[in-house]
Amino acid sequence: NGVDLNRNWATDWRPKKPFYQRFAFLGTPGRHPGSEPEVKAVQDELDASRGDFVRGTSLHSFGGMLLLPYGGRFGRPPDYDALHAHARGVNERLGGRYVIRSSSRWVPGQFAHGMELDDLHARGIAPVLVECAWGQASIFRPSTWLHPWRWFNPVDPEVHATRIAAALRPFLLDE
């Protein structure tokens, strides 16, 4: 439907497109929060769980960062220090290669309204968003310039997925 599922969540949702979403291939935030069946299904499951989830993660493909709330507003949540400690543990298990910061501070002046990170946090779930890896686009390989898959995905996704899953397991299972 041309909707960016990462901006279709209820918390801090805005119909107005942020700067980066003015590019058509990135999609819109949707007609209303939860307008897309994928987001609605996850929201319904979280609502039905009645608080069973304590921690959560969102995996994105691009950036080499561990992002914490908030994305849709400036500032840090009251539990930021605890969230940052969890993210440091994940980062250590990933070899310390990731940058940790609030999502709204990734690109100064740009907010990510309606993102899953903020919605999970608003539900009382401690979230960490993992921007898994840098893409494989290269100025030296012109064939990668016009292919969005190459912009946002690593050369060997299985290696990254296995490493990230192992790093997140203790955070998610409180091991």
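Which residues of H2 are buried? The buried residues of H2 are Tyr80, Leu83, His84, Ala87, Gly89, Val90 and Asn91, where buried denotes under 20% relative accessible area, exposed over 50%, and partly exposed anything in between (1.4 Å probe, protein chains only). The structure is a predicted model, in which local features need pLDDT of at least 70 and side-chain atom pairs count only at pLDDT 80 or more, while totals for chains, interfaces and linings use all residues. Residues are numbered from 1 along each chain as its sequence is written, and side-chain values use heavy atoms, with hydrogens and water left out. Helices (H or I, at least four residues) and strands (E, at least two) are DSSP runs numbered from the N terminus.

**Nonpolar cores**

- The largest nonpolar core has 17 residues, and Leu66, Leu68, Val90, Val130 and Ile164 touch the most other members; such a core is a set of buried Ala, Val, Leu, Ile, Met, Phe, Trp, Tyr and Cys residues joined through side-chain atoms within 4.5 Å.
- At least two residues of this core come from each of strand S2 (65–68), helix H2 (80–93), strand S4 (126–133) and helix H5 (157–173).
- A second, separate core consists of six residues, among them Leu67, Ala112, Met115 and Leu129.
- Leaving aside residues up to four places away in sequence, Ile164 touches Leu59, Leu94, Tyr98, Val130 and Cys132; contact here means heavy atoms within 4.5 Å.

**Helix H2**

- H2 has 14 residues and reaches 20 Å from its first C-alpha to its last, close to the 20 Å expected at 1.5 Å a residue; the expected span is 1.5 Å times one less than the number of residues.
- The buried residues of H2 pack against S2, strand S3 (99–102), H3, S4 and H5.
- Just after H2, Gly95 takes a positive phi of about 85°.

**Helix H5**

- H5 comprises 17 residues and reaches 23 Å from its first C-alpha to its last, close to the 24 Å expected at 1.5 Å a residue.
- A bend of about 30° occurs in H5 at Ala167, and a proline, Pro170, follows within four residues; the bend at a residue is the angle between axes fitted to the seven residues ending there and the seven starting there.
- Ile164, Ala167, Leu168, Pro170 and Phe171 are buried in H5, and what covers the buried residues of this helix includes S1, H2 and S4.
- Just after H5, Asp174 has a positive phi of about 55°.

**Helix H1 and Leu46**

- H1 contains 13 residues and reaches 18 Å from its first C-alpha to its last, close to the 18 Å expected at 1.5 Å a residue.
- Val39, Gln43, Leu46 and Ser49 are buried in H1.
- Seen down the axis of H1, its buried residues fall within an arc of 120°, so they line one face of the helix; the arc is that of the directions from the helix axis to the C-beta atoms.
- An α-helix has 3.6 residues a turn, so residues three or four places apart point the same way.
- Helix H3 (116–122) is the element against which the buried residues of H1 pack.
- Leu46, which lies in helix H1, is buried with a relative accessible area of 12%.
- Leu46 touches Phe53, Leu120, Arg123 and Ile125, not counting residues up to four places away in sequence.
- The C-alpha atoms of Leu46 and Leu120 are separated by 8.9 Å, although these residues are 74 residues apart along the chain.

- Arg50 is found in the loop between H1 and strand S1 (55–62) and is exposed, with a relative accessible area of 72%.
- The phi of Arg50 is near 50°, a positive value in a residue other than glycine.
- A cis peptide bond joins Pro69 and Tyr70, with omega of about 5°; Tyr70 is found in the loop between S2 and H2.
- Asp12, in the segment before helix H1 (37–49), has a positive phi of about 60° although it is not a glycine.
- Asp12 is buried, with a relative accessible area of 19%.
- The side chains of Asp12 and Arg73 are joined by a polar contact of 2.9 Å; a polar contact is a pair of N or O atoms within 3.5 Å, where within protein one must be able to donate a hydrogen and the other to accept it, and residues adjacent in sequence count only if both atoms are side-chain atoms.
- Not counting residues up to four places away in sequence, Asp12 touches Gly72, Arg73, His113, Gly114 and Asp118.
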